[in-house]
Amino acid sequence: MPKYLTLGNGSILVGLDQNALVKDFYYHYPGLENHVSEGLIHKIGVWCEEQFTWLDDGSWKIEIDSERGTMASKIIASSANLGLELLFSDVVYNEKNVFIREVHVRNKFDRNRNIRIFFNQQFCRIKTGSGDTAYFDPGNHTLVHYKGRRVFLINAIIDVKNPIRNAKTNNSFSQYSTGILGLEGKEGTYKDAEDGELVNNPIEHGQVDSVLRIDLAIAPKSEGKLYYWICVAKSIIKAQQLNDYVINRGPDALVKSTKDYWKAWVHNQNFSFYGLSDKVIDLFNTSLVQIRSHVARNGAIIASSDSDLLKHGRDTYSYVWPRDAAFCALALDKAGDFNAAMRFYDFCNKVITPEGYFMHKYLPDYSLGSSWHPWIRNGKKQIPIQEDETALVIYALWSHYELSKDLEFIESIYNSLIKNAAEFMVNYRDKKTGLPKPSYDLWEEKYGVSTFTASSVYGALIVAANFAKLLGKEQSAQRYKRAADNVQKGILTYLFDKKNNVFYRQLEIKGNDMIPDETVDMSSVAGVYKFKVLECSDERLKKAFEVTLERLRVRTDLGGIARYEGDWYHRTGGDIPGNPWLITSLWHLQYLIDFVTKEEDLPDIVNKFSWFVDRSLPSGVMPEQFDPYTGVPLSATPLTWSHAEYVITVIKYLEKIEEIGICKACYSLNK
């Protein structure tokens, strides 16, 4: 099930589902230690006039959106039967580890009404349900969940005109309870809420949940407002201090401060989006926010926080793939967030192996992630990597330098990161062909010498030569440039099918034989294009794109471009090459932008952006791929790589406008 919105601050990452409920709660790295694990959820219930309902029982109409241009939710939950509307504005406070929900409760009926709102917490600290404790703290009038050095403190208040900032005043929650969750025949203490009353059980341990009740008296056709928050810390004392901070500052002030911060961050570059619709611009801003919510304070950028993949496989996407993260860092750099990108490259500098390559994936705490790449093949030792991940980090780093001009940072990581990786890429090549030795491909499935990997290595070696020359290391610059030229020659000699005008997916090496894989793969031609193995005007590249697009177009009403012929991943059947992916479809649009030469070419490009807007969730969240018939998001949602490619594509369009010299103001007026 996709996450309809994610909110974060680099330490906390909260994922909301289609019912506006908390389904993921990561701390103290995005992607590491999800404290709302599989099967758990934070439920919200409403009691009014002897009727009780849960937001996820199917009786509510729930619209999940984001507040455009900032990192905050904009959610409307309405019940015609109850005559109520709940409006949520949720944030993760950007300065401290606090998740805050501002809720407006609207009475749609023409009579006075007493409303009870119930918030249920189902934490499972450190992915295990044993040894957890939930209790009511009468001194601070809060609920506390803890296990070891993971503490979650919960509080709620009614917003009144002149509230006294004190947790023990009458504007706090009125009832509470704790209980056993899913053990010993007990469903959870949330069931206690369904009669509108809680028993005030003060403590429970084991696999536990808790629930609180907050009461509002609302006049006819009027509304009340409440604030609910969760403070997260490594000790009870620190969590209590955070709670005091929220009360003293006021949760309303923290919500406003967080929104203002992210608005300033999003608009840092002050782009002029001439010719693009408000919806296209909104998706651009939302994409930036979604990427940023997945960036840890130490620079780790995870691929996706969506934990529901556990239901369909053995693992999640909550890892740092250097591949995905490099594209995200590139997008952040282009959008002006040099600080977050720099922290990612510092992360890379810490995890790169002494031999000069990156492993398959990492946990956000720098440790090695899970993998399916073996260390032995046909009885022989092999390096379990996909070399494009090493190449992509170095390739993207050049844009970081060009945009930030932070030469001091580049010099500080030159030997340990840039040179280390460059030397590996130079040496890890076949002497005969000049191409990289075999590794796993971009999609992590095939072992061989893939066109995309070879192209990324070419691009990375060109960049390494640029860095070496920049720092006055002429011999290294020449060495890397020669190696790059040899890789380029090898690609055009061994990986281009002249007969069919297409680039091979890869070469499988069997002894002295090189067996071409003729499967048409979008990454092959995109790699040659993106890393400038050939210029976009080259006839070989043009013909290869024509063949590739003809074979990989998804010919359903949805449209889009598949990854490769016969793609099996989440495939739903039918006579199609594979499901449409956002990444590959955006690569196609990037390629088309390069052929814009005059103002008359722009409307067609602008119209193509609408496809991505229309396929995204209402909140602006973008998945990895779609069901080709229904358009339902499939696999990880959100996927940061999808958002990164969208940001990169929009900026490429803006750069093209500059390149062909169109007057921004005039073009905007004409449209």
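I began by noting the angle classes, in which angles under 35 degrees count as roughly parallel, over 145 as roughly antiparallel, 65 to 115 as roughly perpendicular and the rest as oblique.

I am reading a predicted model, where local features need pLDDT of at least 70 and side-chain atom pairs count only at pLDDT 80 or more, while totals for chains, interfaces and linings use all residues. Residues are numbered from 1 along each chain as its sequence is written, and side-chain values use heavy atoms, with hydrogens and water left out.

I looked up the confidence and found a mean pLDDT (the predictor's confidence in each residue, from 0 to 100) of 94 for the chain, with 95% of its residues at 70 or more. Over residues 162-168 the pLDDT falls below 50, and this stretch has 19 contacts (heavy atoms within 4.5 Å) in the model beyond near neighbours in sequence. I remind myself that where pLDDT is low, the predicted coordinates should not be read in detail.

I then turned to two helices (DSSP runs of H or I, at least four residues, numbered from the N terminus). Helix 10 (residues 522-530) packs with helix 12 (residues 582-593) at an angle of about 40° (between N-to-C directions, from 0 to 180 degrees, of axes fitted to C-alpha atoms over the stretch in contact), and their axes are 11 Å apart. Helix 10 and helix 12 are therefore oblique to each other. On the helix 10 side I find Met522, Ser523, Ala526, Tyr529 and Lys530, which meet Thr584, Trp587, His588, Gln590 and Tyr591 in helix 12.
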